[in-house]
Amino acid sequence: MTEIRYIKAVNQALWDAMEADPSVFLIGEDIGAAGGSFKATRDLLDRFGPERVYDTPISEAAIAGMAVGAALTGMRPVAEIMFMDFTTLTMDMLVNQAAKARSMFGGQGSVPMVLRTPHGGGLNAGPQHSQCLEAWFAHVPGLKVVCPANPADAYGLLRAAIDDPDPVIVVENKALYAMKGDLPDAPEARERIEIGKGRIVRPGHDATVVAYGAAVTMAEAAAANLAGEGIDVEVIDLRSLQPWDEGLVLESLSRTHNLVVAHEAVEAFGIGAEIAARMADIGFDELDGPITRVGAPFAPSPFGKTLEDAYRPNAERIEAALRRTLA
Amino acid sequence: MKLTELADLYRRMLLIRRAEERLQKLFADGQVPGFLHLSIGQEAVPVGVSSALSDRDTVSSNHRGHGHTLAKGVDLTGFFAEILGKATGLCKGRGGSMHVADLSKGMLGANGIVGAGLPITTGSALAHKMQRQGHVAAVYFGDGALAEGVLHECLNIAKLWSLPILFVCENNGWSEFSPTDRQLATNLEKLGKAFAMKYRSVDGNVIADVAAAAGKLVGPMRRYPAPAILECRTTRVRGHYEGDRQDYRDAGEIAALEARDPIRLAAEALAEAGAAPDLIAGIAAEVDAEIEAAAEAALAAPLPKSADILADVYTPAEV
């Protein structure tokens, strides 16, 4: 085992996937000699050359659209969009084209493309470089969405996404890029993580917090705080947002009877809303209290430090939500 | 051009014309669900371009895509069935007129979004270049798409990376319901110059001219990948869609289109090349029979089952 950072796990996944399959190639802005604006693609140009690592002009729609066309022509493109905010410029290609090609062509083919992009605040990057827009993509039939919360998952979910026959949006969290974790030294020992499956990070029997991305660590901290009071909280890392592990969440709810959903994205109309709605339906008889949500307030993500700190969810807010559910 | 070649191209053009006329009638009879955008008057463009392409070459198209699709050699019955929304359609009745595709023929789909085929085809050309098999990609778009941002992104990247792609502009002068000259501050020739790209302009209603230009542009691209633009001046006879009364168009303009009818011009060229009148009549009879058989089969085909609504949204896991 070697301890590596989240961003290096992304880099290793790209490296291993490109070694394993010559049809995998990279396309994005500044991903070549510069190694990507967060260095996810460092050294890949040197190893694989300019015919596998395409440094593009600042043309996000073309990047996403070319990934669709290359995927329909036998390749496995992995596109990088520098900040999730910039995926707004790719929407036609992802929503109208990538997501629908298989269905609207009657299953003639698939679109095996991956689009990696970082979301999230904590860097004072301001309103156009911090947004968490994953719920938009999870709302579109035909797309898959994953959001790794640690280095091992960053590796395993990206490998699974590249193997997947359908378009997958891999949402990385830029505040987690420096997070450390273990990855096996032998390439064959590095595991893929099945898309659609969540993970119980911490077992508990009083309440369940379902979280993903940066909110997982926050939920663990909230659970640790409440443990001191004898409140035993189960934390689930969703890992995959579309499809999401409904069975795991329902099973947990049937043991804890209380549910909180936490994410960094704006609370209103978010992933949490879908989970709460589904559990209020299929898990209604299991509920002992209201399902509460923790997310960002309904405002653009602000720039200034005090404002951004107040804007982002944290362990205290998850703790407060747990108390409200348990009250 | 040899008589047999010209006769073959004429046959393909007539097939598109008769297919669309049949669809026009089916639409008027209420048999075609949704919208229908006909390319009557533009048949020489896809037939000429496709004469330079193989099944392994890829194309993508737009909302006015019946000609592009048929010229790529897709199954005629599957084509009719798709537009009628039948289970036996090329896309199992899920796409319809604006989304007909046949990946086995390199037809990556008609498209309901103006300009969307451009980045898809540019990506397909990138794949061809990486695969080194000498295949090329061609994208059909109208003059209205010149105002879309992705066109400029794609011309730039195709030139920067020397991608084997033919940009085929069908310039019929109309951007949906508005004359394009009131929408564009430039033109495609100037854009081609701005991107230092090989550019040719042809009378898109003269089949021999389109075929010759396409052949000249595509041939070298197979060995030395590089993009090129083929601008085809052509004529949209019908409205933006069926049911459009075209009261925004001058009656004289529409009447004058008859003289430039590509089918008529091709028939005249055939006669000039020495074709006997019964050759032309024979082609017409064959095409009519083929269309009738396909349309009848499509009409008789079953509708998709409502239970299949979730099928093909995702690729099934391998078992």
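I looked up Glu319(A) and found it buried, at 14% relative accessibility (buried is under 20% relative accessible area, exposed is over 50%, and partly exposed is in between, with a 1.4 Å probe and protein chains only). This is a predicted model, where local features need pLDDT of at least 70, side-chain atom pairs count only at pLDDT 80 or more, and totals for chains, interfaces and linings use all residues. Residues are numbered from 1 along each chain as its sequence is written, chains are lettered from A and ligands numbered from 1 in the order in which they are written, and side-chain values use heavy atoms, with hydrogens and water left out.

Which side chain meets Glu319(A) in a salt bridge? I found Arg323(A), at 3.1 Å from N to O (a salt bridge is a side-chain nitrogen of Lys or Arg within 4 Å of a carboxyl oxygen of Asp or Glu). Helices (H or I, at least four residues) and strands (E, at least two) are DSSP runs, numbered from the N terminus. Arg323(A) is partly exposed, with a relative accessible area of 35%.

I noted 39 salt bridges over all chains. In chain B, Glu242(B) meets Arg238(B) at 2.8 Å, N to O. Glu242(B) is buried at 7% relative accessibility, while Arg238(B) is partly exposed at 29%. Asp247(B) and Arg245(B) make another salt bridge, at 3.5 Å, and both of these residues are exposed. I also found a network in which salt bridges with shared partners join Arg102(A), Lys92(B), Arg94(B) and Asp312(B).

**Between the chains**

How many salt bridges are there between chain A and chain B? I wrote down two. Arg132(B) forms a salt bridge with Glu51(A), and the closest N and O atoms are 2.8 Å apart. The contact takes 41 residues from chain A and 40 residues from chain B (contact means heavy atoms within 4.5 Å). The area buried between the chains is about 3100 Å², and carbon and sulfur atoms give 65% of that. Buried area here is the accessible area (1.4 Å probe) that two parts lose on being put together, summed over both.

**Helix H4 of chain A**

Next I checked helix H4 (residues 91–104) of chain A; its buried residues include Met93(A), Leu94(A), Gln97(A) and Arg102(A).

**A five-stranded sheet**

I traced an open sheet of five strands in chain A, in the order S9-S11-S10-S13-S14, with mixed pairing (two strands pair if DSSP finds at least two bridges between them). Strand S9 (199–202) and strand S14 (292–296) stand at the edges, each with a single partner strand, so one side of each has no neighbour in the sheet. The twist averages 25 degrees from one strand to the next. Strand S10 (residues 207–211) and strand S13 (residues 259–266) of chain A pair in the parallel sense over four bridges, and Thr208(A) has Leu259(A) as its bridge partner in S13(A).

Helix H7 (residues 215–227) of chain A lies across S9, S10, strand S11 (233–237) and S13, running at about 170 degrees to S11(A). For these angles, axes are lines fitted to C-alpha atoms, for helices over the stretch in contact, and angles run from 0 to 180 degrees between N-to-C directions.

Most residues other than glycine have a negative phi, and most peptide bonds are trans. Where is Pro243(A)? I found Pro243(A) in the loop between strand S12 (240–242) and helix H8 (246–256) of chain A. The peptide bond from Gln242(A) to Pro243(A) is cis, with omega near 0 degrees. His257(A), in the loop between H8 and S13 of chain A, has a positive phi near 65 degrees and is partly exposed at 24% relative accessibility.

Gln246(B) has a positive phi of about 55 degrees although it is not a glycine. Gln246(B) is buried at 9% relative accessibility and lies in the loop between strand S7 (228–233) and helix H9 (251–256) of chain B. Leaving aside neighbours within four places in sequence, Gln246(B) is in contact with residues including Arg238(B) and Ile254(B).
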